[in-house]
Amino acid sequence: MGKTLKRSAAFTALARALAAGARGGPSLGTRLAALPRMVRATTKGEYDGGLRLALMTAATAYIVSPIDLLPEIPLAIFGLADDAVMITWLAGSVLAETDRFLEWEARRSSVIPGGLVP
């Protein structure tokens, strides 16, 4: 049940992100341009997206890897279905995480650095 819930959350995020982009939210270009900044902020420890980035990297490696859980040749359509599900999950995750990162970036830019004066 847990895996199904996570998968449906990724699909929901994909649908929401695509709809938001069409209705005036961040464009796909803006989201893709945010990826390098998100990786940089995560590696510096400023942004908390480490686990999500690791999962997205693993999904990308699975998609481009010639080794599959369900190979295409003997299993035909089932072999392609696992890749399609992984691509859909990855797209939804990237869109949801870049949306979250862009919100974090906007909040961060509105905070004035410094401390409280007693």
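The model is a predicted one, in which local features need pLDDT of at least 70 and side-chain atom pairs count only at pLDDT 80 or more, whereas totals for chains, interfaces and linings use all residues. Residues are numbered from 1 along each chain as its sequence is written, and side-chain values use heavy atoms, with hydrogens and water left out.

## The salt-bridge network

Glu97 forms a salt bridge with Arg52, in which the closest N and O atoms are 2.8 Å apart. Because Glu97 belongs to helix α5 and Arg52 to helix α3, this pair ties together parts that are 45 residues apart in sequence. A salt bridge here is a side-chain nitrogen of Lys or Arg within 4 Å of a carboxyl oxygen of Asp or Glu. Arg52 is partly exposed, at a relative accessible area of 31%. Arg52 also forms a salt bridge with Asp48, with 3.4 Å between the closest N and O atoms. Asp48 is exposed, its relative accessible area being 52%.

Glu97 has a further partner in Arg100, the closest N and O atoms of this salt bridge being 3.2 Å apart. Arg100 and Glu97 are 3 residues apart in helix α5, so about one helical turn separates them. Arg100 counts as partly exposed, at 30% relative accessibility. Through shared partners, the salt bridges join Asp48, Arg52, Glu97 and Arg100 into one network. The structure holds 6 salt bridges.

## Overall architecture

The chain has 5 helices and 0 strands, and its pattern along the sequence reads α-α-α-α-α. Helices (H or I, at least four residues) and strands (E, at least two) are DSSP runs numbered from the N terminus. Of the 118 residues of the chain, 24% count as buried. Among contacts between residues at least 6 apart in sequence, 69% join residues at least 24 apart, a contact being heavy atoms within 4.5 Å.

## The nonpolar core

The largest nonpolar core has 12 residues in all: Ala34, Met38, Ala41, Tyr47, Leu53, Met56, Ala59, Leu90, Val94, Phe101, Leu102 and Trp104. Helices α2 (28-43), α3 (50-64) and α5 each supply at least two residues of this core, and α5 gives the most, with 5 residues. Such a core is a set of buried Ala, Val, Leu, Ile, Met, Phe, Trp, Tyr and Cys residues joined through side-chain atoms within 4.5 Å.

Ala41 lies in helix α2 and counts as buried, at 5% relative accessibility. Not counting residues up to four places away in sequence, Ala41 touches Glu46, Tyr47, Phe101 and Trp104. With the same exclusion of residues up to four places away in sequence, Val94 touches Leu35 and Met56.

## Surface features

The chain exposes about 8,200 Å², of which carbon and sulfur atoms supply 70%; accessible areas come from the Shrake-Rupley method with a 1.4 Å probe, and for residues only the protein chains shown count as cover. Ile77, Phe78 and Leu80 form a nonpolar patch on the surface, with about 350 Å² of accessible area together. Patches are made of residues with over 30% relative accessible area and no salt bridge, like charges being joined within 9 Å and nonpolar side chains (Val, Leu, Ile, Met, Phe, Trp, Tyr) within 5 Å. Phe78 lies in helix α5 (residues 77-109) and counts as exposed, at 57% relative accessibility.

Gly50 is placed in helix α3 and counts as partly exposed, at 37% relative accessibility. The C-alpha atoms of Gly50 and Val39, 11 residues apart along the chain, are separated by 8.5 Å.

## Confidence of the model

The mean pLDDT of the chain is 78, and 66% of its residues reach 70 or more; pLDDT is the predictor's confidence in each residue, from 0 to 100. Where pLDDT is low, the predicted coordinates should not be read in detail.

Conventions. Buried means under 20% relative accessible area, exposed over 50%, partly exposed in between (1.4 Å probe, protein chains only).
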